[in-house]
Amino acid sequence: MISFYPGPSRVDEHLPQYMSDAYAQGILSINHRSADFMEMFRRVTSLLKERLEIPASYSVLFTSSATECWEILSQSFTGVSSYHMYNGAFGERWYTYAQRLTSVATAFPFGLEEQITAVELRTPPGSLICITQNETSNGTQVMPTTIASIKQKNPDALVAVDVTSSLGGIYLPISAADIWFASVQKCLGLPAGLGVMICSPQAVAQALASNTRTHYNSLASMLDMMEAAQTTYTPNVLAIYLLMRVMESRSSIHAVNQMIRHRYTEWVNFMKGFSNVSLLIEQESVRSSTVLLVKASENNVAEIKRAAKEEGFVLGEGYGQWKSSTFRIANFPAILDHEINALKRFLSSFLTDNL
Ligand SMILES: *Cc1c(COP(=O)(O)O)cnc(C)c1O
């Protein structure tokens with residue numbers, strides 16, 4: 001089975017080797033306060049910085065998931081208003097969690113085919129502006145230049161960006177915002193159970209100044225432990241090790257970005273060849289390049305997914321309101337060219353002959 005589900009998805013092809021190395025090297029029993037762990041922590045952090053072009057002054061933290069990152073932000077910046085711009089289910093869920101935890105969250109929903117450049121938001125100093133860069137539920141994206149311009153207009157606010165289904169897949173201008181986070185089961189090609197959060201010096205300063213330490217993963221406590229190359233709790237050491245191994249063999253984010261853009265363009269052209277399917281998102285500028293939503297009649301969506309499964313391809317279910325009228329295709333780096341070609345051959349003959 002080859003999983004084109006947009007997370008969890010196909011994992012890095014070298015994972016069997018890395019996992020057996022982890023066992024052989026005693027990584028599975030390593031103590032998270034030991035020198036060996038601290039060395040690994042420093043190495044994976046520096047690899048992430050190098051491969052993803054994270055500025056040296058930014059901090060890299062480990063969490064359990066992207067969902068946890070949503071809560072960490074609300075629980076660490078207490079009393080701070082948060083402004084949530086979203087057009088889909090993940091962004092809305094982030095808003096919902098923030099609203100429950102802080103009751104000072106404000107929603108700014110926008111349309112599916114709309115850029116948010118129109119939002120002339122001005123927020124008080126210290127507030128949190130929350131953006132879902134790649135909305136996995138509907139296959140849209142907020143252009144990184146838009147995020148940069150929001151930060152420019154609100155230099156004293158912290159701009160926090162959910163990049164769960166784009167970090168490691170497309171180039172992101174990390175210095176243009178304050179907080180970026182993702183879990184690893186999407187573009188990083190790993191099994192679920194680890195999150196990564198990247199913080200600017202401004203975000204770090206604000207977290208340390210507020211000094212909120214109510215939760216085991218309050219940002220201030222996490223940052224203190226990070227200084228010692230450790231975490232506040234016993235982390236998923238295996239996942240951190242696997243992330244280190246995957247990052248060792250990854251190309252620079254520019255090369256990965258180019259490959260993803262190329263595959264994306266080929267997918268778009270491919271879909272144009274059929275009258276019974278189309279891409280849900282029409283505006284090129286807001287269409288995600290890592291998660292494609294393909295629209296068809298409900299009957300055809302069910303038929304395509306069923307037949308694909310028989311051929312060994314797992315397609316992503318539609319999400320929320322798009323559940324039965326779309327299926328999703330992950331365009332993540334760990335997927336191999338020959339696997340994409342095989343899926344295209346199947347789709348091509350099925351869409352032509354069977355529907
Ligand atoms: C998958 C996803 C999440 C949730 O990730 P978890 O690892 O389940 O917490 C959050 N945001 C976006 C945009 C996602 O794609």
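View 1. Trp-70 and Tyr-97 form a tilted pair, 5.7 Å centre to centre with 40 degrees between the planes. Trp-70 lies in helix H3 (residues 66–76) and Tyr-97 in helix H4 (residues 89–102), so this pair ties together parts 27 residues apart in sequence. Helices (H or I, at least four residues) and strands (E, at least two) are DSSP runs, numbered from the N terminus. Trp-70 is buried at 2% relative accessibility, whereas Tyr-97 is partly exposed at 24% (buried, under 20% relative accessible area; exposed, over 50%; partly exposed, in between; 1.4 Å probe, protein chains only).

**View 2. Buried face of helix H9.** H9 (residues 253–272) has 20 residues. Its buried residues include Ile-253, Tyr-264 and Trp-267. Seen down the axis, the buried residues fall within an arc of 160 degrees, so they line one face of H9; the arc is that of the directions from the helix axis to the C-beta atoms. Gln-258 and Lys-272, on the other side, are exposed.

**Notes.** Residues are numbered from 1 along each chain as its sequence is written, and side-chain values use heavy atoms, with hydrogens and water left out. In this predicted model, local features need pLDDT of at least 70 and side-chain atom pairs count only at pLDDT 80 or more, while totals for chains, interfaces and linings use all residues.

Definitions and conventions. Phe/Tyr/Trp six-rings, centres within 6.5 Å; stacked < 30°, edge-to-face > 60°. Expected span 1.5 Å × (residues − 1).
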